[in-house]
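Colleague: Could you walk me through this model and tell me what stands behind the terms you use?

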Amino acid sequence: LFSFSYTVNMKNVYVDEMFLLNLVVNYFIMLATAKLCALPLKRIRFAISAAVGALYSVTLLFETFGFLASPVIKLALGFLMTIIAFGVEIKLLKPFFSFLAVSAAFGGAVYAASILAGRNIGDGLYINTSMRVLVLSFALCYFVLTFVFKRFGRSCTRELRSVKLLMCGNTVEFKALRDTGNELYDPLSGLPVMVL
């Protein structure tokens, strides 16, 4: 595997390692965002979105692209990553703000875990921390966001829906209450499954 080293503030940073690390972290942030917003799991789209974010992080290593580090560009990139991951057919503000919240929570957890471990995490451009700290930080964030705060991201309104069921040539129509607490998903498509 080709490994390209680039010096940032007197430290050698391996571009391929930075890209792969950001790819994995971004993917899991998108996954946690989807769980938090109760959206279908579109894993290929999450991977493409994560790759865009990882490519962005690598370009920031080069002084030529230093202008890309502005907060406006970062917000625009986050919105682009949200569009890539979830598409434009849904209301994008909720996933976008959830993505920002998950990213901030993960960054804070990594920072806190690194301080508790007695490590200097670097200057903010490149996080100098162990994989164990990253994995434990993400696991903690994932647990908190998906199991504790997921209820806050869902609508509390009661919605009645019209449902048509076709089976063996027979058709039945009925009204059903939309159950936002139903967490049953098809493991292959990631789409929610109705329980009747």
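Modeller: Leaving aside residues up to four places away in sequence, Asn 26 touches Ala 50, Gly 53, Ala 54 and Met 81. This is a predicted model, where local features need pLDDT of at least 70, side-chain atom pairs count only at pLDDT 80 or more, and totals for chains, interfaces and linings use all residues. Residues are numbered from 1 along each chain as its sequence is written, and side-chain values use heavy atoms, with hydrogens and water left out.

Colleague: Why is Asn 26 called buried?

Modeller: Buried means under 20% relative accessible area (1.4 Å probe, protein chains only). Asn 26 has 12%, so Asn 26 is buried.

Colleague: How do you know that the side chain of Asn 26 has a polar contact with Ala 50?

Modeller: A polar contact is a pair of N or O atoms within 3.5 Å; within protein, one must be able to donate a hydrogen and the other to accept it, and residues adjacent in sequence count only if both atoms are side-chain atoms. Here the backbone oxygen of Ala 50 lies 3.3 Å from a polar atom of the Asn 26 side chain.

Colleague: What makes the span of H2 close to the expected one?

Modeller: The expected span is 1.5 Å times one less than the number of residues. With 17 residues, H2 (residues 43-59) reaches 24 Å from first C-alpha to last, close to the expected 24 Å. Its buried residues include Ala 50, Gly 53 and Ala 54, and their cover includes H1 and H3.

How values were computed. Buried means under 20% relative accessible area, exposed over 50%, partly exposed in between (1.4 Å probe, protein chains only). Contact means heavy atoms within 4.5 Å. Helices (H or I, at least four residues) and strands (E, at least two) are DSSP runs, numbered from the N terminus.
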